[in-house]
Amino acid sequence: MLKLYIGNKNYSSWSMRPWVLLKQVGIPFEEIELRFDSFDANSVFKEKISGVNPVGKVPALDDGGFVVWDTLAIAEYLAERFPEKNLWPQEVKARARAQPVRRDAQRLWRAALGLPDEY
Ligand SMILES: N[C@@H](CCC(=O)N[C@@H](CS)C(=O)NCC(=O)O)C(=O)O
């Protein structure tokens with residue numbers, strides 16, 4: 001079964017993106033919540049997540065030992081891994097329309113968190 005490593009559900013909005021996606025489309029997964037003590041290199045959180053995800057952040061998805069991190073990468077992986085869930089348009093023109101919506105959603109999400117645009 002898939003394992004999703006997440007942070008605190010009240011504070012880790014990044015964690016909730018793949019969590020909501022998986023719940024919404026009914027893909028079963030085991031949820032592993034890691035407590036945030038701090039993001040310092042020697043924190044318990046960093047020690048635990050770094051054993052799973054080399055970049056040391058949540059969310060991280062473990063699919064039978066293959067670990068995917070970064071919310072958009074996780075979403076894209078799930079779309080290809082579960083094509084029957086139709087998470088992303090198959091048809092070329094529909095996909096072209098979906099891309100800017102996804103980019104804007106990412107840009108607005110980062111802005112809401114006070115983060116610079118990264119794409
Ligand atoms: N771009 C990443 C952001 C993930 C992220 O920043 N997660 C936070 C928790 S909400 C984290 O683990 N931070 C640890 C750190 O910055 O050291 C994504 O889309 O997954």
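Modeller: Domain bounds come from an automatic or database domain assignment. The model itself is predicted.

Colleague: Which domains does the assignment give the protein chain, and how far apart do their C-alpha centres lie?

Modeller: The assignment gives domain 1 (2-88) and domain 2 (89-119). Their C-alpha centres are 19 Å apart.

Colleague: What pattern does the protein chain follow along the sequence?

Modeller: It reads β-α-β-α-β-β-α-α. That makes four helices and four strands.

Colleague: How does the radius of gyration of the protein chain stand against that of a compact globule?

Modeller: For 119 residues, a compact globule would come near 14 Å. The protein chain has 15 Å, so the two agree. Its C-alpha atoms fill a box of roughly 50 × 35 × 25 Å along the principal axes.

Colleague: What makes a residue buried, and what share of the protein chain is buried?

Modeller: A buried residue has 20 or more other C-beta atoms within 10 Å of its own. Of the 119 residues, 15% are buried.

Colleague: Why is a set of residues called a nonpolar core, and which residues are in the largest one?

Modeller: The residues must be buried, of the listed nonpolar kinds, and joined through C-beta atoms within 7 Å. The largest such core has 12 residues, among them Leu4, Tyr5, Ile6, Val58 and Leu78. Two or more come from each of β1 (2-6), β3 (60-63) and α3 (71-81). β1 gives the most, with three.

Colleague: Which residues does valine 58 contact, its neighbours within four places aside?

Modeller: Valine 58 is in contact with Tyr5, Ile6, Gly7, Ser12, Trp14, Ser15, Leu34 and Ile49.

Colleague: Which residues of α1 are buried, and what do they pack against?

Modeller: Ser15, Pro18 and Leu22 are buried. The buried residues of α1 pack against β1, β2 (29-33), β3 and α3. Glycine 26 follows α1, with a positive phi near 75°.

Colleague: How do you know that β3 and β4 pair?

Modeller: A pair needs at least two bridges. Four join β3 to β4 (66-69), so the strands qualify. They run antiparallel. Aspartate 63 has phenylalanine 66 in β4 as its bridge partner. Two residues lie between the strands of this hairpin, where glycine 64 takes a positive phi near 60°.

Note on methods. Residues are numbered from 1 along each chain as its sequence is written. This is a predicted model: local features need pLDDT of at least 70, side-chain atom pairs count only at pLDDT 80 or more; totals for chains, interfaces and linings use all residues. Two residues are in contact if their C-beta atoms, placed from the backbone, lie within 7 Å. The radius of gyration is taken over C-alpha atoms; the globule rule is 2.2 Å times the number of residues to the power 0.38.
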